[in-house]
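Dear colleague,

Please find below the structure that I am handing over to you. I would be grateful if you could look through it before reading the notes.

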Amino acid sequence: MIRLSISVTEEMENKIVELRKKDKYCRCSYSEIIRQLLERGMKTIEENKEVG
């Protein structure tokens, strides 16, 4: 695993904080939530390549 530093908007940060309030994400670290979001985003992009 590599360590990265990224900047997020205040709106993105607020949405991540809201996710942490949900049962599914309450035990996840901030980093883990971002990893999951990146994974889902990459999967969606790959699926869209196959369709379009």
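Predicted model: local features only at pLDDT ≥ 70, side-chain atom pairs only at ≥ 80, totals over all residues.

Residues are numbered from 1 along each chain as its sequence is written, and side-chain values use heavy atoms, with hydrogens and water left out.

The protein has 2 helices and 0 strands (DSSP runs, H or I of at least four residues for helices and E of at least two for strands, numbered from the N terminus). Its C-alpha trace spans about 35 × 25 × 25 Å along the principal axes. Of its 52 residues, 12% count as buried (under 20% relative accessible area, with exposed over 50% and partly exposed in between; 1.4 Å probe, protein chains only).

The largest nonpolar core consists of 6 residues: Ile16, Leu19, Tyr25, Cys28, Ile33 and Ile34. Such a core is a set of buried Ala, Val, Leu, Ile, Met, Phe, Trp, Tyr and Cys residues joined through side-chain atoms within 4.5 Å. The elements α1 (10–20) and α2 (30–51) each give two or more residues to this core.

A search of the whole structure finds 0 disulfides (pairs of cysteine sulfur atoms within 2.5 Å). The sulfur of Cys28 lies 7.8 Å from the closest cysteine sulfur, in Cys26, which is too far for a bond. Cys28 counts as buried at 15% relative accessibility, whereas Cys26 is partly exposed at 40% relative accessible area.

Yours sincerely
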